[in-house]
Structures are given as structure tokens and as C-alpha cells.
Amino acid sequence: MKSTKPSAVRRLLSGNEAIALGAWEAGVRYAAAYPGTPSTEILPALAQYAGVRAEWAANEKVALDAAVGASFAGARALAVMKHVGVNVASDSLMTLSYTGVGAGLVLVSADDPGAFSSQNEQDNRHYARFGKFPCLEPADSQEAKDFTRFAFELSEQFDTPVMLRPTTRISHSKGAVEVRMPAEVRESSPLPPFERKPRKYVMIPAYARLRHPEVEARLRALGEYAENCSLNRPAWGDRRIGVISNGVAYQYAREVFTGFSFLKLGMTYPLPAGLIRDFASQVETLVVVEELDPFIEEYVRTLGLEVIGKGFFPATGELSLALVRQGATQAGLPIQHPTSNLQPPTSSIAIPPRPPALCPGCPHRSVYFNLRKLKLLVAGDIGCYAIGVLPPFDEMDMLISMGASIGMAHGARQAGCPEKIVATIGDSTFFHAGLPELANTIYNRGVVCTMILDNGTTAMTGGQDNPATGVTLQGETTQAIDIESIVRAMGVEHLWVVDALDVKGIEQALKEAIAVEGQPTVIVVNGACVFTPHFRRRPVVVADPQVCNGCGFCFRVGCPAILKSDEVGAKTKRPKALIDPLLCTGCTVCLQVCPRKAIYQR
Amino acid sequence: MNKKTTNFLFVGVGGQGVLTASDIVAEVGLEAGYDAKKSEVHGFSQRGGGVESHVRWGEEVAAPLAEKGTVDYLIATELLEAARWIEWARPGGAVLINHQRILPMSVTVGDAVYPSDEDILAAVRARTDDVLVVEGLATAERLGNPRLANTVLLGVLSTRLDVPVDAWLTVIERRVPPRHVEKNHQAFQEGRRITGGD
């Protein structure tokens, strides 16, 4: 590495940008991820740095597997995913703990307390204990960068995968980070030849049994290391209260418990028994403030220490200054500004909720409009189309995890569910976990109708490329895998390919597919997400107030561009439609469903 | 320089540019020598739903989000959202509202009713007297691009803060595409005039 004289500047970086920078500074050569909120922005940030190969993987397990290969080959490697993605990757992760690493390997698990954009709010620190590897938790952007660098060192020092666990409020908060400019110029050196170590890297039962004692020994060594780890630091103040805290919870705690003593934990697995005992012995009242599960608290209790914790601070949802203050007040702790009983004046007006909605021009709109019209049971999947469960569609009956739509629909039907079920799944989700589910239903003589909604991007997370789009994360042109060909190659005889903006065409395909008895059917719906470059805006539509009678049919397509006019229909006494020209994209779905032809294209 | 923590909360609707506006304020804070943090939420909640973003300036900022009832500047890019978030403002805090209504799906498809401007402002004023409704959208449209509305709001906001105008102009220049810099600077200055700033 060549280095010019660095001058530090303070830049505002998100936790995700800081993790990318830290990984680059650590000399990471290979990184892979599946997009998932709140982790998504890490890889695009890293992909811009020279000397790094950064890729969108088909799913989180593939991302981790690729990082494992890179690590075994001697390159520092990063695998990035959201908390539930680790469930997908966990098959490899648990055994990676046995093999250990070649060059440093860091797994970023971005957790989502509050489930802002997730199907659950699981606490992935349990994976660190389950798999017996270290867990680091940054508390701001600066630490996100520093801890990432540190994680690679730790990984190599102890021959272990290391989990870095930011949460939504770390990943998506911005804070000042010391950035050295100009940054080092990296010269890419070729990797040395692969070092063959089958007893370490080939986990047949005989070798796995040999590795297990190594895992236990490593955990003991890490436990001792944690006692003096620079990431775990006591800060002494008023010793009436001693607060143990981690991650963003630490930031809330240090505002609420101003002036008191702190044990700030940056490494939350394995936990330092001696350090905690020593801290506890020097304070009157011990408090643990952590988000989600009582992970630290339960450990502290196993040490025989009394502690104030989840009895006062919630184990569900994210924490906040208010919740920490409220908990401290209820626990009777002598904080400076306890929560007062005075409630702030509440506004007297009813404020309508603003739930998420499909965007104007969204290709999913016509699909859920038709599913609703035909009153079909729907097994949904992870993506923007989950909005199909909300009004005006109210058209989704189950949703649990990536790819599960097809399997759930299959099982329900095989078990004897008398109603026909349609599985709806997006293109990226199909490649993530839908392929084996479709193979399964075909193999088992299933009768599910699968709708693959190909909008040409991974939309919910902000529009990332995937195996169907023909472009890589670093911008190269690549093979766009054709979904229709895959379905045909799997032997599906009943296949329809329809245009997402052809409302009648989708209805027709659905009716035909549902009429098929005893065989699986697939409908591929093609329509570009409005955020993709291949989306074409068309002339906006207008609703003619002379013709519109306020029947309200167009409101059932749930388009944010269709507003209620102040004018009401003479007979219906209901508001006429008014189309917002700034929001309308000219998709014509409303025009197609209008029974009076009151909507026309300009 | 006043080093006490200053809390901003930006609220609006997905697609309105709330996150960019709050980014600019966070960077201005850093530019002016404060420690600054901001927090926002991405993903599912952004799809046409409400968007909120916190910014805090101070000597040393710990939490990236302010506490309910302590926001010094509530900046709403949409009317209804001002009413929704008003309890986050501290009593007497400043509320800047862009005069624009965006109907939520609950109003379009359901029985929910979008309150009148008068009702919304009454609810907001129950919390604080310092309320300013800015014709941000109208001003932006006059300048030729409705997307400049937030920059007009930032111009208004800047007159309330003890930070050199140059810091604002520098950050705006850094944050918008080169061909839009001049219009954004213009929109910012229009905003400064709305409250009689220089």
C-alpha cells in the first residue's frame, strides 16, 4: 500500500457508508450482499472503491458462501445482510464457525428493532452465542467505521468469523466521521496460491469433530480477550448508578443518565464477566439498557448480580430517549429530568393515517386489482407487492418470508384447502428463494398458480439489480436470466406471459389459470418499476367531470394520483375523480377500469 | 456560538425530498462547527407513506433522534404531517409548514377525511404560537420547478439560525446536481425574503 500524507476531515456519513469505508480501509477484496433494509446501502458504497469486487448475491446464503470462498482463498471478505437474511445464511454460518477463516471474514447483520421494514424484529446477537463467534455493536458512524476495521483484525487473530451488528438507527443515522483524505492508493497484489487445508476447510464428520474443540477453546480465549478489549470501556461518574449499555441504546442512556457511571460494551459476545463484576462492585445500582432481548441482562444475572433491566425498559420495538427516561423514572432512579406526569396537549382533530401505497404507475396495481375482483386467496411474498394486503386491495392471506408464497400455497392446497390459491412473488425474490419452491410444487404434482411479478428490479430496497436484470452491482453488462425460459425448462405447460398494464389481459390469464385442474400454472407479469431506467412515462390521463358520475370504481385501484374532487356526482352523491397531473405517469390502469369511459389520455 | 443542542424534525410524504432537505441541514450544522447527527428510515415505510427525519446540532450530540416534546424546529413539507407530528415540537418551538396537501390513501379510498387548513393550523397552534405557513410549492412553481419547494423552506429556516448564509449556500451547492445549483440558490434566497431575512 502506498500512502500520501493524510489530512483528516470530518464528514457526515451514515452508519452504512461508514461500514463500507471501514471495510475498504481494512483492505477488503471481496464483498457480497443481498439487499435488505437497513443494510442495503453498504455494498453500493463499497462498490465505488477501487480494488474491491462487490456483488449482489442471489440470496444471503450465497453472499456468505462467496465470502467464505474468498476468505479461504486468502482475501479479506465481507458478507452483508439484514437480520432475517442471516436466517437464510445460517446453514453456512454455523459451520463457518468450525472452519474458521483464511483471511478475515466479517458478517454484517443489520438488525431492525421496530420492524420499520421487516417481517420481524429478531435479535441476532443470539446467533453469536449460538455459533460461538464474536459480536461487535457500534453506537455511531465513527464506531461503525472503526469497529469494521477492528472486526477484520479480530477475525484473523482468533481464526473466527466476526459478526458486526448495526441496527436501523445506526445504519440509517448520519454522524461525523474522521476521514483521511486523500485516502490511500491501493495497489492490487495477486493472491498467493490457495493454501490447501482439508482438515480445516472440509467439514466431513470426522474433521468437524476435530474442529469442535477448537471452537470451544477459541471461545474461552475470546472471553479472556473481552476483559481487556478496547471496545469495552468503563467511564466513571456518579457511582450511585452504573449503566451497562450497547449500540444506539447507549446514546439514549448517556443523555438520560447524564453524569452517572457507564460500562459501554462494543463487544457484546462473548461478554466480559470480570469487567462486569468489577464495574458492578463499584456502583450502588446496576442498570442494563439494551434494545430488544435481555441479552446482556441475562448474562449479568447469571453472574449473580442484581440489575434493573427489562422490567422497566421494553423488550419490543426500538428504544428512544422517552422510553429510557420513562423506564428510569418508573424504576425510581435519581435521573435529572424524570418523566413528568403532565401529558403534552393533544391535538383535537382526527388525523387520517398515511400507510404505504403502491406508487402511481406501479406494475403491481393491476395484479392486485384483479386478484381482488376475482376474490382469490393470495399467498404473498417479501417486496413492495406486500402492500396488496392494505386497502383498497385487502388481498393477501399469508406472508412469512422470502420465497415462501409458493410453498405456503402448495402446502395449503396439498392438505386439502378447497379454495384456489395464487402465489405472488417478485423477480428478485423468485431468484432468492422462489426457484426451489417452484421446483417443489412441480415435482410434487402441486396445483398452485404462481404469479411472478417481474418489475425488472429489487424495488422495495430502492432498486437494486438482480439475476434477471442483466447488470451487475459494479455496472457491468451480464446475462439477464429469462424467467419465462426457466419456467418452461421446469416443465410448466400452463404458462401465460402478460403485460402488467393490460388489466383485462391479466384478468383473462388469471381466469384461465384458475380453470386448469390438477396441474401447476404460472403467470409471468412484465412491467417496469417506475424507478427503473426502462420505465416509460406516458401522457397523463384526465377525468372528465362531465362524464364522471362519482361511482368510485377508479378509487379501487389505490393510486395516489387519483384524488377526490370537490364535485360530487348528481346521482351517486359521491366525489368525482380528479387526477393529479404531477403524480400521474399515464399507466392508464384507471382509464381501463372506468365503466363510463370518463378517463382519457391527454 | 450557541452549543446547546438544537433539535430539528423534518416530516412529509415519501418522494417529497424530505431526506435530502434534512441531509442539508445536518451538513450545515457540521459546516458551522457543531457536532451533528441525523436519523431517518428507509424501505417499506417510504412507499408513499409518511417520512420523518431527525437532525440534531450541538457541542456533542449523543442520540440521533430528539425526544418527543423537545423539537425546536418542526419543518413539515405537507400540512397533515405537521398536525401528525406537532406533539414532538416543544411548547413555543418553531413550526414551518409548506402549504401543500397530499391525500393519504386512507382518505382516497376510505371514510377518513382530510382536515381543513383551519383545523390543522388550530391543532398546530395549540402547541406553539410560532407557526409559519410558507407558500413553498407556489414559490417553487413560480421559479419553474415544484421540487424547489424544500429549498424555499430551508431559506426560511436559515433566517432563524445563527449560521452564516455562506455555509448554507456551500452545502446546497455540494448536495444538488451542478445544473440545479443556481435555481436552488435562488429558491433559498426567496425563502430568506419570506421572513424578511437579508
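In the predicted model, Lys597(A) occupies the loop that runs between helix 19 (589-593) and strand 22 (599-601) of chain A. Although Lys597(A) is not a glycine, its phi is positive, at about 55°. Lys597(A) counts as exposed, because 10 C-beta neighbours lie inside 10 Å, and a residue with 12 or fewer is classed in this way. A positive phi of about 45° is also found at Ala115(A), likewise not a glycine. Ala115(A) is placed in the loop between strand 5 and helix 5 (125-131) of chain A. With 17 other C-beta atoms within 10 Å, Ala115(A) is partly exposed.

Most residues other than glycine have a negative phi, and most peptide bonds are trans. Cis peptide bonds occur at two prolines described here. The bond joining Thr37(A) and Pro38(A) is cis, with omega at about 10°, and Pro38(A) belongs to the loop between strand 2 and helix 2 (42-47) of chain A. The bond from Pro391(A) to Pro392(A) is cis as well, with omega near 5°; Pro392(A) lies in the loop that separates strand 14 (377-379) from helix 15 (404-414) of chain A.

Helix 3 of chain A comprises 13 residues (60-72) and reaches 18 Å from its first C-alpha to its last, close to the 18 Å expected. This helix is mostly covered, 11 of its 13 residues being buried. Among the buried residues are Val62(A), Leu64(A), Val68(A) and Phe72(A), together with the charged Glu60(A) and Lys61(A). The buried residues pack against strand 2 (30-33), strand 4 (77-82), helix 4 (83-99), strand 5 (105-110) and helix 8 (198-201) of chain A. Helix 3 is followed by Gly74(A), whose phi is positive, near 100°.

Helix 10 (residues 247-256) and helix 13 (residues 321-330) of chain A have axes that come within 9 Å and cross at roughly 55°. The two helices are therefore oblique to each other, and their crossing is right-handed. Helix 10 contributes Tyr252(A), Ala253(A), Glu255(A) and Val256(A) to the contact, and helix 13 contributes Leu321(A), Val324(A), Arg325(A) and Ala328(A). These residues divide into 6 nonpolar, no polar and 2 charged.

The contact between the chains takes 47 residues from chain A and 48 residues from chain B. On the side of chain A, the elements giving two or more residues are strand 1 (7-14), helix 7 (168-171), strand 8 (173-181), helix 10, helix 13 and strand 20 (562-568). The residues on this side comprise 27 nonpolar, 13 polar and 7 charged.

Conventions
Residues numbered from 1 in each chain as written. Chains lettered and ligands numbered in written order. Predicted model: local features only at pLDDT ≥ 70, side-chain atom pairs only at ≥ 80, totals over all residues. Helix = DSSP H or I, 4+ residues; strand = E, 2+ residues; numbered from the N terminus. Expected span 1.5 Å × (residues − 1). Buried ≥ 20, exposed ≤ 12 C-beta atoms within 10 Å, placed from the backbone. Contact = placed C-beta atoms within 7 Å. Axes fitted to C-alpha atoms, helices over the stretch in contact; angles between N-to-C directions. Parallel < 35°, antiparallel > 145°, perpendicular 65-115°, else oblique. Left-handed = near helix turned anticlockwise from the far one by under 90°.
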